[in-house]
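Hi everyone, thanks for coming. Please take a moment with the picture, and then I'll walk you through a few spots in it.

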Amino acid sequence: MSRGLIGVVANTNARYSEFGFCIDVLDKPDGWDKTWSIGLDYVGSRNDLAQHVLDNDYTHLWFMDDDHSFAPDLLTRLLAWDKPLVTPVCLTKTWPFLPCVYPNKLPEGEHQYLPLDIEGADPSGLIEIQAGGCAGMLIRRDVLESVPPPWFEHGDVGEDILFCQKAQAAGFRLYADLSAI
C-alpha cells in the first residue's frame, strides 16, 4: 500500500477557485496526506516537499501546482501505472498552450525538448518521454533517494526539466499518461 504526499506548489497570489475545487474533490488514497507550500520560490518549495517525503517515510510525492484543474481520479490513475515517474498531460501557460510532455529531444548539446504532438498521439495510454513538467508529476520515493539533493534547481532550462535529466542519469525512465489530461 502506498503512503504519499500531495504537494501543492502555490505562489503568493495563490488561486483557489477552480484549482481549489479540484484539490478538494480529489480521490485521495488511504494513507495519503496533503500539504501546501506557498511562496515565490517554487524551486525551494519543490525541494522542501521532496525532503518532507523522505523525512516522513512517504512512498510517493505527487506535485500539483495551483494553476491547473484536473479530474478527481487523476492521482489514482497515475498510481495505477506503478512507474517511478509518471506525469499527466498539462499545457504551458502561454499561447500556443503546448503540452509539457516531451517525448523527443534535439541532438546532443541542445537543450530543446520537442513537445508532444497531441493530434498525432494515441490518447489511450502510457508513452515513454524524455522530460515533462512537474505539475501533476507522480514521483516514487526511490527516485528521490537515488537523485542527490537539490532535486530541483534554477538553470538554463526549467527546474522540472533539470529534475528529469537527473532522474534519467540515475537510471530511471519517465512516462506520460496520455489519457490523463
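Helices (H or I, at least four residues) and strands (E, at least two) are DSSP runs here, numbered from the N terminus. Gly 120 counts as exposed because its relative accessibility is 64%; exposed means over 50% relative accessible area, buried under 20%, and partly exposed in between, with a 1.4 Å probe and protein chains only.

Before going on, a word on where this comes from. This is a predicted model, where local features need pLDDT of at least 70 and side-chain atom pairs count only at pLDDT 80 or more, while totals for chains, interfaces and linings use all residues. Residues are numbered from 1 along each chain as its sequence is written, and side-chain values use heavy atoms, leaving out hydrogens and water.

Now the overall picture. The protein has 5 helices and 11 strands, and 48% of its 181 residues count as buried. Its C-alpha trace spans about 40 × 35 × 35 Å along the principal axes.

Next, the salt bridges. A salt bridge here is a side-chain nitrogen of Lys or Arg within 4 Å of a carboxyl oxygen of Asp or Glu. The structure holds 9 of them. One of these joins Arg 3 and Asp 33, with the closest N and O atoms 3.9 Å apart. That pair links distant parts of the chain, since Arg 3 is in the segment before strand 1 (4-10) and Asp 33 is in strand 2 (residues 33-38), 30 residues apart.

Another pairs Arg 46 with Glu 159, at 2.9 Å between the closest N and O atoms. Arg 46 belongs to helix 2 (residues 42-55) and Glu 159 to helix 5, so this bridge ties together parts 113 residues apart in sequence. Are these two partners buried or exposed? Arg 46 is buried, at 3% relative accessibility, and Glu 159 is buried too, at 9%.

My last pair is Arg 173 and Glu 128, whose side chains meet at 2.6 Å, N to O. Arg 173 is in the loop between helix 5 and strand 11 (174-177), and Glu 128 is in strand 8, 45 residues apart. Finally, salt bridges that share partners join Arg 46, Asp 65 and Glu 159 into one network.
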